[in-house]
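I am opening a notebook on this structure.

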Amino acid sequence: MTHGLSRAARGLTVLAAALASLAVLGGCTSVSPVTPAAPRTAFTDDARPTAGLIRVVPGDRAEDVPADARFEVRVPHGTLERVDVTETQDGGERPLAGRITPDGHTWRPTAPGPLGLAARYAVDVVARDVSGHRAARHTTFTTYVPEHRFIGYFTPEPHSTVGTGMIVSLGFNRPITDRAAVERAVRVTSDPPAEIAAHWFGPTRLDFRPRTYWKPGTEVSLALRLRDVRGGEGVYGSQDKTVTFTVGRSQVSTVDAARHSMEVVRDGRSMATLPITAGGPGNATYNGRMVISEKFDVTRMNGGTVGFGGEYDISDVPHAMRLTASGTFLHGNYWARPGAFGTLNTSHGCIGLRDTQGGSASSPAGWFYDASLIGDVVEVVHSGERTVAPDNGLGGWNMSWEEWRAGSALGD
């Protein structure tokens with residue numbers, strides 16, 4: 001299944017909660033498969049009124065938004081439960097304070113005044129309709145950048161703790177034609193030292209990764225020395241900033257699509273083998289190594305946004321973790337029959353774990369969500385689909401080291 005609009009869950013849960021849940025999941029042993037059920041489509045149309053409940057202005061993925069543009073979140077026929085807004089500007093990130101009106105229908109920024117220039121805003125909303133059904137929406141927009149300047153939006157977040165498969169990725173707001181100059185001005189280093197190389201995916205994306213996964217405990221530094229660096233004809237950088245992040249424990253999960261199972265290995269030790277349902281006939285899940293890039297405690301998944309028309313529109317998918325930019329997720333599933341997990345592949349390409357509506361911390365999906373970090377690797381094997389493209393999400397681990405280094409603008 002693929003993802004349309006979502007609610008970001010930025011906090012990472014402590015390891016103790018994950019370990020406490022192992023007893024429920026059978027610890028390091030396989031969870032016994034349930035009785036097979038008749039094949040069915042895992043994702044059904046969701047006709048509840050929550051599908052179009054939440055309205056955000058400016059619109060999703062809007063670019064060059066003027067600083068004086070109207071900014072609000074509205075739920076005309078329901079109640080806002082939570083609105084979180086994050087502003088990223090010049091490499092720094094901060095929450096933007098706002099207030100929900102007494103009737104619960106509208107959210108607006110607390111402080112009057114213009115939006116920041118050359119900034120990115122991420123808006124995460126949870127609301128309930130008049131019947132009490134929960135819905136979520138995640139949107140982003142960027143504000144105007146002066147024509148003679150370029151900036152790079154990067155991942156992961158500063159000061160975050162990530163998995164050993166994290167790839168540093170920069171997306172530029174303007175095409176870069178002088179790639180060598182820009183690459184020289186961006187430096188990724190680590191302690192302990194690792195061999196790190198850059199790879200360009202087209203004119204607006206520059207990624208960095210080590211030869212092999214990061215060692216647990218590594219401190220990584222990203223230095224952006226782009227101010228006044230020429231990126232193209234008449235276009236110069238505006239950032240001069242250093243940010244850091246920390247690599248946590250190692251966790252690699254292997255999804256065997258043919259066996260309908262996922263083994264979770266942490267620091268070399270098998271923690272659990274969980275029954276899953278993967279992509280069904282005609283919609284097989286990508287093979288290859290993917291990296292968790294976002295986590296959402298609840299999200300809307302809408303087939304219409306990714307080419308599946310009205311095949312599904314589910315407004316409250318729990319425990320969702322993004323694996324590709326094109327919409328592959330590993331998420332909780334409460335609508336498939338229990339017999340599907342461990343026996344059938346029935347989704348539109350996503351990987352489903354058993355869950356309850358609203359999400360349960362003691363379900364397989366809840367346990368895995370709490371046990372996972374952004375930057376953890378999920379590898380899919382024995383699927384009928386091709387290997388995921390290296391630029392689809394943080395898929396660079398599917399390239400050999402020689403292929404990766406060949407994508408640098410600086411050569412050897």
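**Entry: the nonpolar cores**

I looked up the largest nonpolar core and found 32 residues, of which Leu170, Phe172, Val182, Phe208, Leu222 and Leu226 touch the most other members. A nonpolar core here is a set of buried Ala, Val, Leu, Ile, Met, Phe, Trp, Tyr and Cys residues joined through side-chain atoms within 4.5 Å. Buried means under 20% relative accessible area, exposed means over 50%, and partly exposed lies in between (1.4 Å probe, protein chains only). The elements that give this core two or more residues are β14 (168–172), β15, β16, β17, β18 and β21. I took helices (H or I, at least four residues) and strands (E, at least two) as DSSP runs, numbered from the N terminus.

A second, separate core has 25 residues, and Leu274, Ala278, Leu323 and Trp367 are among them. I noted a general point: in soluble globular proteins, nonpolar side chains tend to be buried together.

I must remember that this is a predicted model: local features need pLDDT of at least 70, side-chain atom pairs count only at pLDDT 80 or more, and totals for chains, interfaces and linings use all residues. Residues are numbered from 1 along each chain as its sequence is written, and side-chain values use heavy atoms, with hydrogens and water left out.

**Entry: helix α3**

How many residues of helix α3 are buried? I found eight of its eight, across residues 364–371. Trp367, listed above in the second core, is one of these buried residues. Asp370 is also buried.

I searched the whole structure and found one cavity of 30 Å³ or more. On a 1 Å grid over the protein atoms alone, a cavity is a set of points where a 1.4 Å probe fits but cannot get out; a pocket is an open set with protein on both sides within 12 Å along at least five of seven lines; lining residues have an atom within 4 Å of a point. Grid points are joined across faces, edges and corners, and a volume is the space filled by probe spheres set on the points.

The largest cavity holds about 30 Å³. Its lining includes Phe154, Leu222 and Val243. β12 (152–155) and β21 (240–247) each give two or more residues to this lining. β21 gives the largest share, three residues.

Leu222 also touches Phe154 and Val243, among others, not counting residues up to four places away in sequence.

**Entry: the second largest pocket**

I read a volume of about 310 Å³ for the second largest pocket. It has 15 lining residues, and Glu183, Ile196, Ala197, Ala198 and Leu410 lie nearest its centre. α2 (179–184), β15 (186–191) and β16 (196–200) each supply at least two lining residues.

**Entry: aromatic pairs**

I counted ten aromatic pairs. Rings of Phe, Tyr and Trp (its six-membered ring) pair if their centres lie within 6.5 Å; planes under 30 degrees apart are stacked, over 60 edge-to-face, and the rest tilted.

Phe201 and Trp404 pair edge-to-face, 5.9 Å centre to centre, with 65° between the planes. Why does this pair tie together parts that are 203 residues apart in sequence? Phe201 lies in the loop between β16 and β17, whereas Trp404 lies in helix α4 (residues 401–405). Phe201 is buried at 15% relative accessible area, and Trp404 is buried at 0%.

Tyr334 and Trp335 also pair edge-to-face, at 4.9 Å and 85°. Tyr334 is partly exposed at 23%, while Trp335 is buried at 12%.

Terms used:
Contact = heavy atoms within 4.5 Å.
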